[in-house]
Amino acid sequence: MTLSPSNWPKKLFTSTTVIHVLVFLSVASSTLEAAAGGSTFELELPDAAQSEEIKVKSTDFPGDFVFGVATSAAQTEGAPKADGKGQSVWEYFAAHFPGIVKDNTKFPDGIDSYNRYMDLGVGSYRFSIPWTRILPSGALSGGVNQKAVDHYNSLINELIKNGIKPSVTILHFDLPQALEEKYGGYLNRSFVNDFRDYSDVLFKTFGDRVKHWVTINEPKVLALYGYENGWAPPGCTRRSIRFTEPLVFGDYPKSMKESVKERLPAFTEEEKTALTGSFDFLGINYYLSGFARNEPNPSPEAMLPHEIDAKASDQVAKNGVVLGNPLGSYPEGLQKLLEYTKTKYQNPNIYIAENGVGGFRNDTMPLEVVLNDGFKIVYILRHLNAISKAIKNGVKVKGYYIWTLLDDFEWGTGLMFQYGLYNIDFNDNFKRMPRLSAKWYQAYLQKT
Ligand code: NOJ
C-alpha cells in the first residue's frame, strides 16, 4: 500500500458547513511518540490523559474493517464544463451569492481533481459522482452523457486495479440546477422519480464493480442550510426536517408528526413498506457534539424553525462549558452516538463516512508548519479509539473514512480550512504535498 503524493497534471483518474476546527490556544502539555507501521510520530497532546486513547492500532479492528478517505466531487473536481457537464445548484449558488460563499470565484476550479491522477494507498475511497455530469439536464429524458460514464468507468477500474474499494455517494449537495428551476428541487415529489432514475443509471452502469453506495450526504445539513438559514442552495428559509426513523421503521416518528403536522409529507402505504429496513448500512459523518435543551414552550422569536418543531434547542455550551478538549474534539460523543444507534435502530451496520478536522489556512505560515498537522493525527486516533470501544460493545461499525484526502473547497467557508491529509497550494497549480497525517496514515495501515 502506498500513499504517495502527486502533482501530475496528467489525466488518469480522479476521482456541511458546520465548521470543525480545533483551536489550539494552549497546546503541548505533553508529547508522545505514536508508533505506526514501524515508524514513530511525535505528537503533542493538549491533555496528558489522551496518551492512552492514541494507542489504538489498526490491528485492533476486525480484519475486514475498511479504512478509507473521503472526498466529494463539487469540492474537488473542478472542470465545471468538461465533458458536457450541466450546472449544479452549488455552481449557481456560488456564482450568485458571493456574500455567502467565501472565495466563491475559486469554486468552479475545485482542486482540479477531475484531471489528475492520485495514488491513494488506502483500503477504500469514498467519492461522489456529480448528477450533472451523468445526466447534464438532470432528467433521464435529456440523455446519459457517455463521456462522463467513460470517465468514472476508468476511475472505478483504476481504483479496483489498485486494490481500493470504491464507495460512491450518489448526491453530495450538488443537485442539478435545472431541477431546482423546473420544480423546486427536493421540495417537489418529482425529485423522487428523477433521483430514482439517476440512481438506476449509476447502479446499471457501475454496479457490477461498485458495491457500496451512499445515497444522500447529510440530509439534515442539506435541509437546515438550504431551507432554514440560507447558507446553502437554494437559500430559502422554509422549514424542512428529516430523520433516520423512516428508513428503519417505515414512517416518521409520532412526536415529529404531532409537532410538524400538515407540513410533514405523508408516505403512502406502499412507500412505507418499501422504506422499512431499506438500507444495508447507515453512514455517519461525525465531527463534534453539542447539547440539546428541552424546550416545552418553544419561542418563535428566540429559536430556529427546526428547533421549534423538535421542541429542543441546539446549544454549543452548557453552563459556559463546551464539550471536548481541545475545543470541539469529543470522541466520547461518537461512542455514545454509535451505542445509541445500535439500540434505537436495531443494531445496523454502520460506516463512519466522514470524520476529520481542519486547520486554519494562513498563507504566510512557513510550509513546514502547514505540513505539520500532528493535531489531526491525535484527533483521528482518539476517534478511532472511541469506535474500537463501541465495536467491543457490540456496535457493528464496518469502516472509517477520513475527511478528507486533499484540502478542498469547504462550501460557504471556501478555502479557509485545511482538512486535507495533503496540502494544496492554491497559488501554484494545485500542487499536492503530503502532510504528516498522510505519512502517518500510510504507516498506520501497514499491518505489521
Ligand atoms: C461534511 C460534508 O459532507 C463535507 O462536504 C464537508 O466538507 C465536511 N463536512 C467538512 O465541513
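This is a predicted model: local features need pLDDT of at least 70, side-chain atom pairs count only at pLDDT 80 or more; totals for chains, interfaces and linings use all residues.
Visitor: Which radius of gyration does the protein have, and what would a compact globule have?
Guide: The C-alpha atoms fill a box of roughly 55 × 55 × 45 Å along the principal axes. With 448 residues, a compact globule would have a radius of gyration near 22 Å. The value for the protein agrees with that, at 21 Å.

Visitor: What percentage of the residues count as buried?
Guide: A residue is buried when its relative accessible area is under 20%. The protein exposes about 19,700 Å², and carbon and sulfur atoms supply 54% of that area. As for the 448 residues, the part that counts as buried is 54%.

Visitor: How far apart are the mean positions of the positive and negative charges?
Guide: The protein has 47 positive and 50 negative charges.

Visitor: Which residues is Phe-206 in contact with, leaving aside its neighbours within four places in sequence?
Guide: Phe-206 is one of the core residues that touch the most other members. With the sequence neighbours set aside, its contacts are Ile-129, Ile-134, Val-149, Tyr-152, Asn-153, Ile-156 and Trp-213.

Visitor: Is Ala-386 buried or exposed?
Guide: Ala-386 is found in helix H14. Not counting residues up to four places away in sequence, Ala-386 touches Pro-331 and Gln-335. Its relative accessible area is 4%, and the cut-off is under 20%, so Ala-386 is buried.

Visitor: What do the buried residues of H7 pack against?
Guide: H7 is mostly covered, with 7 of its 9 residues buried. Those are Val-221, Leu-222, Ala-223, Leu-224, Tyr-225, Gly-226 and Tyr-227. They pack against helix H5 (177-183), E6 and helix H11 (305-310).

Visitor: Where is Glu-218 found, and what is its phi?
Guide: Glu-218 is found in the loop between strand E6 (212-216) and H7. Glu-218 is buried, with a relative accessible area of 13%. Its phi is positive in a residue other than glycine, near 40°.

Visitor: What is the phi of Ala-79?
Guide: Ala-79 lies in the loop between helix H1 (73-76) and helix H2 (89-96). Its relative accessible area is 15%, so Ala-79 is buried. Although Ala-79 is not a glycine, its phi is positive, at about 45°.

Visitor: Where is Pro-234 found, and what is the omega of the bond from Pro-233?
Guide: Pro-234 is found in the loop between helix H7 (219-227) and helix H8 (245-249). The peptide bond from Pro-233 to Pro-234 is cis, with omega near 5°.

Visitor: What is the omega of the bond that joins Asn-325 and Pro-326?
Guide: Pro-326 is found in the loop between strand E11 (321-322) and helix H12 (331-344). The peptide bond that joins Asn-325 and Pro-326 is cis, and omega is about -5°.

Visitor: How far apart in space are Glu-339 and Pro-366?
Guide: Glu-339 has its place in helix H12 and counts as partly exposed at 24% relative accessibility. Not counting residues up to four places away in sequence, Glu-339 touches Lys-389, Ala-390, Asn-393 and Val-395. Glu-339 and Pro-366 are 27 residues apart in sequence, and from C-alpha to C-alpha the spacing is 42 Å.

Visitor: How far apart in space are Leu-159 and Gly-121?
Guide: Leu-159 lies in helix H4 (residues 146-161) and is buried, with a relative accessible area of 0%. Leu-159 and Gly-121 are 38 residues apart in sequence, and from C-alpha to C-alpha the spacing is 9.7 Å.

Key
Residues are numbered from 1 along each chain as its sequence is written. Side-chain values use heavy atoms; hydrogens and water are left out. A nonpolar core is a set of buried Ala, Val, Leu, Ile, Met, Phe, Trp, Tyr and Cys residues joined through side-chain atoms within 4.5 Å. Buried means under 20% relative accessible area, exposed over 50%, partly exposed in between (1.4 Å probe, protein chains only). Contact means heavy atoms within 4.5 Å. Helices (H or I, at least four residues) and strands (E, at least two) are DSSP runs, numbered from the N terminus. The radius of gyration is taken over C-alpha atoms; the globule rule is 2.2 Å times the number of residues to the power 0.38. Accessible areas come from the Shrake-Rupley method with a 1.4 Å probe; for residues, only the protein chains shown count as cover. Lys and Arg count as positive and Asp and Glu as negative; His and the chain ends are not counted. The place of a charge is taken as NZ of Lys, CZ of Arg, CG of Asp or CD of Glu.
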